[in-house]
Amino acid sequence: MKRISIFLLAAAAFSSCKKDLNKQPLDSPSSGSYYTNEAEVSLGLTGVYSSTYWNLSNSIPVQISFDQYTDLGLERAPGIAAGTYDATTGTIGTTWQLIYKTVSYANNLLDGMVRAKGNMLPDNYNRMDAEARVLRAWAYYHLIGLYGDVPFYTKPLLPSEFYNQARVDKNKIGDFLLTDLDSAATKLPWQPADQGRVSRGVALGLKSKLALMLQRYDVAATAANDVIKSAQYSLNPVFANLFKKTGQAANAGKEIMYILPFPDDAVNPVSYVAIGQGSRAISAQSGRFPIQPLVDRFECTDGKRIDQSPLYDPANPSKNRDPRLKQTVTMNGDTISLTASGTLRRCVYSCYNNAAGKAETMFYNFATGTWASASNADMTNIYGPVLNGVGYLWAKYTYDDAQDAFTSKTGFIYMRYAEILLTYAEAKVEGGQLDASVIAAVNQVRQRAGMPVVDAVVAGDLAKMKQLVRREKVVELANEGIHLFDMRRWKTGKTAMNTFVYGAAAKSNVPAAVPSFGGAGSETDLNDIPDYTNSATVRFKREQRYFIDPRDYLWPIPQGERDMNKLLGPNPGW
């Protein structure tokens, strides 16, 4: 099953998305009249895969927006992150619909493919059955992470059942899914036949992520350790290559375990991730931005946080920093390049006027091999990183010279081995266990990045190790759709989100002071949550955000669903 066929089916799959639970997908074969042989089952599985591209009509997976709803990022319009949303907000309802479509497609296939069992090789039947179960669990993982208790069903529903599905406790859903993932894992190979398919490692990795969400730390650690002990995966030696098309194709170390790929042998679909977050000066259309609390979590090269390191220079904040900062966030003075509409452009990113007070920056002339100054749209465009953002751009998933940003085929990673290592470490320390295996897992991630190994003092202190693991999860996985669920699990939203959105120093000649992270052992210190009181007047700033605790740790149940199904009821506070 090649990924091209998955996406050719995708257009049909989403065209009839209904404003309900999508219990029985009307645009897929009915399990009562189909799935009689392997070819039909394979086509049905293709439909399940296609449905996992949760695209909010802008050629990006919904997961790329998740970090913008946290203290790591910012969208062009305030929206969800600012607390200005409710049960009628489009993103809330559409995300529910798209994810439940995956549930419905998987249920339809699993129910119907039994008919084909006698006409298929047992290994092929078992593998396809297992893949569908993992994809269904992937959908439910996101549903309970976003909405909490949700309707749970594992068979196609009769019309009479469409609007009487009550919500089920997420822990009961978890019980079923953890067992189902265990069973599926035994039927899957460690490495998939085609890029974009799930494997045994993905099944166990998802089990670990789900158990961590449910705070079943022993289960999460064991599942992640099963992946680690398999010796099937390692880290790509070049971090930046993970987010470029050629690097994804090579997949050094097999670090990328599960990815949303885009087909090379068809014009569509394409990914607009890069064009939607790149520099206006080189013809991208910045609309998502990183913000200061993310930047300040990256340590200095001595392995110390910026408020503790003598290497940190407020006048040159990108100097002497964790190399992942430059590979994740574009900061003033960085040289960046991007191909858009067939033309490769290169400039020095600037969020400040030049010495003459003009909004200009340096552009590279490929014909002459020289640099010259010209008008800087990153400063003048109302949707750019200065007038709309807070002085930064996302670098991760953006600058891939081999791809045209308007026709990009760079895939979006759903799961990679670095996350497994950090999930293992988190599960152990959150469960009160600290041993050499935890240090080894974290050191693998840090050393790949070029950072020092875990300090001996930190390695012997459970609280300090918990802090480091949380920090590593942020800086390693930023802009990959992970932190929203982490923030909810760590319960940091109330502290991290009830503030203005702050960014870089607003003037190049007025450095912003080092923020305070609170006293040692405090919640803000543990979670590296900065306080910008001492520099608020000299930083780029956007709107005040509001986060209501505990309400905003879950999205509301979409109003349209509640109107059709009176059994659903609202989430607390909604």
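What follows is a set of questions on helix packing, a pocket and some backbone features.

User: Where does this model come from?

Analyst: The model is predicted.

User: Why are α2 and α5 called roughly parallel?

Analyst: Start with the angle. The axes of α2 (residues 38-51) and α5 (residues 122-147) cross at roughly 20 degrees. Angles under 35 degrees count as roughly parallel. Therefore α2 and α5 are roughly parallel to each other. The two axes come within 10 Å. The crossing of α2 past α5 is left-handed.

User: How do you know which residues of α2 and α5 meet?

Analyst: Contact means heavy atoms within 4.5 Å. On α2, E38, V41, S42, L45, V48 and Y49 take part. Their partners on α5 are N124, M128, E131, A132 and L135. By class, that contact has 7 nonpolar, 2 polar and 2 charged residues.

User: What makes α7 roughly antiparallel to α8?

Analyst: Again, the angle decides. The axes of α7 (residues 200-213) and α8 (residues 217-229) cross at roughly 160 degrees and come within 8 Å. Roughly antiparallel needs an angle over 145. So α7 is roughly antiparallel to α8. The crossing is left-handed.

User: Which residues make the contact between α7 and α8?

Analyst: From α7 come G201, L204, G205, K207, S208, A211 and L212. From α8 come Y217, V219, A220, A223, A224, D226 and V227. The contact has 9 nonpolar, 3 polar and 2 charged residues. Gly counts as polar in this scheme.

User: How do α14 and α16 cross?

Analyst: The axes of α14 (residues 436-449) and α16 cross at roughly 35 degrees and come within 11 Å. This crossing is left-handed. V438, I439, V442, V445, R446 and R448 in α14 meet M465, L468, V469, E472 and E476 in α16. By class, the contact has 7 nonpolar, no polar and 4 charged residues.

User: What lines the largest pocket?

Analyst: The pocket has a volume of about 500 Å³. Its lining has 23 residues, and the closest to the centre are Q308, V458, K464, Q467 and R471. Elements giving two or more residues are α15 (456-459), α16 (462-477) and α19 (523-526). The largest share, 5 residues, comes from α16.

User: How does the lining of the largest pocket split by class?

Analyst: It has 9 nonpolar, 5 polar and 9 charged residues. Asp, Glu, Lys and Arg count as charged. K464 and R471 are among the residues closest to the pocket centre.

User: How do you know that the bond joining N268 and P269 is cis?

Analyst: Look at omega. For the bond between N268 and P269, omega is about 0 degrees, and the bond is cis. P269 lies in the loop between β4 (256-260) and β5 (288-290). A cis bond also runs from D549 to P550, with omega near 10 degrees. P550 sits in the loop between β14 (539-544) and α20 (559-564). As a rule, most peptide bonds are trans.

User: What makes S341 worth a label?

Analyst: Its phi. S341 has a positive phi of about 55 degrees, although it is not a glycine. Most residues other than glycine have a negative phi. S341 is placed in the loop between β7 (335-340) and β8 (343-348).

How values were computed
Residues numbered from 1 in each chain as written. Predicted model: local features only at pLDDT ≥ 70, side-chain atom pairs only at ≥ 80, totals over all residues. Heavy atoms only, no water. Axes fitted to C-alpha atoms, helices over the stretch in contact; angles between N-to-C directions. Helix = DSSP H or I, 4+ residues; strand = E, 2+ residues; numbered from the N terminus. Parallel < 35°, antiparallel > 145°, perpendicular 65-115°, else oblique. Left-handed = near helix turned anticlockwise from the far one by under 90°. 1 Å grid on protein atoms, 1.4 Å probe; cavity = no way out; pocket = protein on both sides within 12 Å on 5 of 7 lines; lining within 4 Å. Points joined across faces, edges and corners; volume = space filled by probe spheres on them.
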